[in-house]
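Colleague: I would like to learn how to read a model of this kind. Could we go through it feature by feature?

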Amino acid sequence: MIRQPSRKLVLFLLIGLLLFTACRKANDPVTGQTVLSGDEDRPSGEVPLPSSSPLFPKPDGGEEEDPGESLPGEKEGENFRREFLVCLDPGHSAHASTKGEPIGPGSKEMKRMASLGSAGIRSGVGEYEVNLDVALLLRDELEKRGYRVLMTRESQDVLVGNVERAQMANEAGADAFLRLHCDGSDNPRAKGAMAVTISPDNPYHPENYRASQQLGQALVREYTRATGLVARKSWTTDTMTGLNWAESPAVLFEMGFLSNPEEDLLLQDHEFREKMVQSLANGLDAYFGEGTDARKEKEDKDE
Ligand SMILES: [Zn+2]
């Protein structure tokens, strides 16, 4: 008689545990595994917490500029953005492959060509879904502002490797290659946005380091100012296949942590996504705008 309730309790706990495990697995609809971070995001599981003094301090206040208007010095009716082709690369897709590909042109070092990325710890939404949804909104906004935009994918149902993504940008002659990703960590407190670029000693395209840094800084500055997310120290690495193959300035932009419950829910929020998209477009405007290296190089080339 006394043992009866305790047996029921054990059974109840067991069912609870099974349900919890099933829910966790549902995070990844394709393989049934919980994949925290894609290879292209972060080779190690270590994620530094945001520093207390961000690299990109938020300027206090300031007038919001209207990006739809012509910049000062522009002739009427002329939109400098038409000169630029932006290649948007929504990270991952619903298909993964363990096949390897060289991490840079001519390299013998191989890395997995496609992974699923992380998944929302609260929402259960796959990183590849967030990346594509935001990229499609950003494409529309950039086209509205006058840019030409190329997408490396517009569907979840494709298997596209990181070399191929960079080659699409290269073949089209992109002026910037922007790769959109969300971060994942074992530490649920890890938070913030970050730009990843090649290092100054990149063995493949070191000439793109400076401009890539400028693009990354402009994006992080505008993005964290608009969204209120923490700016993490930018990361330079020569281990990212898609960045190593790019022949143009390239940034892998981590929009926030899907492993952080708070940021996961923000990244799914419609109004928050509008801020993300507007600020990323503002970052590109700042990068391509008057007086910047990108603009001067374009003008020199055209002369
Ligand atoms: Zn990713």
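Colleague: Leaving aside its neighbours within four places in sequence, which residues is valine 251 in contact with?

Modeller: A word first: this is a predicted model. A contact list shows what the fold brings to a residue. For valine 251, leaving aside neighbours within four places in sequence, the list is Leu178, Arg179, Ala195, Val196, Thr197, Ser212, Leu215, Gly216 and Leu219.

Colleague: Which residues of the largest nonpolar core touch the most other members?

Modeller: In soluble globular proteins, nonpolar side chains tend to be buried together. Here the largest nonpolar core has 61 residues, and Val86, Phe177, Leu219 and Val251 touch the most other members. Leu219 is also one of the contacts of valine 251.

Colleague: What does the secondary structure of the chain come to?

Modeller: Eight helices and eight strands. The protein chain has 303 residues, and 43% of them are buried. Of the contacts with a separation of 6 or more, 80% are between residues 24 or more positions apart.

Colleague: How do I check the length of a helix, say H7?

Modeller: Compare the span expected from the residue count with the distance between the end C-alpha atoms. Helix H7, residues 270-288, has 19 residues, so at 1.5 Å a residue it should span 27 Å; its end C-alpha atoms are 27 Å apart, in agreement. Helix H2, residues 127-145, also has 19 residues and reaches 27 Å, close to the expected 27 Å. For H4 the reach is 26 Å over 19 residues, close to the 27 Å expected.

Colleague: At what angle do H4 and H7 pack?

Modeller: A helix pair is described by its angle, the distance between axes and the handedness. H4, residues 209-227, packs against H7 at an angle of about 145°, with the axes 8 Å apart. The crossing is right-handed. H4 contributes Leu215, Ala218, Leu219 and Tyr223 among others, and H7 contributes residues including Met276, Ser279, Leu280 and Gly283. The contact residues divide into 10 nonpolar, six polar and four charged.

Colleague: What covers the buried residues of H2?

Modeller: The cover includes strands S1, S4, S5 and S8, together with helices H6 and H7. Among the buried residues of H2 are Tyr128, Val130, Leu132, Leu138 and Leu142. Leucine 138 is in helix H2. Leucine 138 counts as buried because it has 24 C-beta neighbours inside 10 Å. Leaving aside neighbours within four places in sequence, its contacts are Leu88, Val277, Leu280 and Ala281. Leucine 138 and alanine 281 are 143 residues apart in sequence, while their C-alpha atoms are 7.0 Å apart.

Colleague: Is valine 163 buried or partly exposed?

Modeller: The cut-off for buried is 20 or more other C-beta atoms within 10 Å. Valine 163 has 19, so it is partly exposed. This valine lies in helix H3, residues 162-172. Beyond four places in sequence, valine 163 is in contact with Glu101, Thr241 and Trp245. Glutamate 101 is 62 residues away in sequence, with 7.4 Å from C-alpha to C-alpha.

Colleague: Where is methionine 113 found?

Modeller: Methionine 113 is in strand S3, residues 110-114. With 21 C-beta neighbours inside 10 Å, methionine 113 counts as buried. Not counting residues up to four places away, methionine 113 touches Ser97, Lys99, Gly100, Glu101, Gly161 and Asn162.

Colleague: Which residue other than glycine has a positive phi near 65°?

Modeller: Backbone angles are read residue by residue. Histidine 92 has that phi. Histidine 92 is found in the loop between S1 and strand S2. Histidine 92 is buried, with 30 other C-beta atoms within 10 Å.

Colleague: What follows H2 and H4?

Modeller: Glycine 146 follows H2, with a positive phi near 120°. Glycine 228 follows H4, with a positive phi near 80°.

Methods
Residues numbered from 1 in each chain as written. Predicted model: local features only at pLDDT ≥ 70, side-chain atom pairs only at ≥ 80, totals over all residues. Helix = DSSP H or I, 4+ residues; strand = E, 2+ residues; numbered from the N terminus. Expected span 1.5 Å × (residues − 1). Buried ≥ 20, exposed ≤ 12 C-beta atoms within 10 Å, placed from the backbone. Contact = placed C-beta atoms within 7 Å. Axes fitted to C-alpha atoms, helices over the stretch in contact; angles between N-to-C directions. Left-handed = near helix turned anticlockwise from the far one by under 90°. Nonpolar A, V, L, I, M, F, W, Y, C, P; charged D, E, K, R; others polar. Core = buried A, V, L, I, M, F, W, Y, C linked by C-beta atoms within 7 Å.
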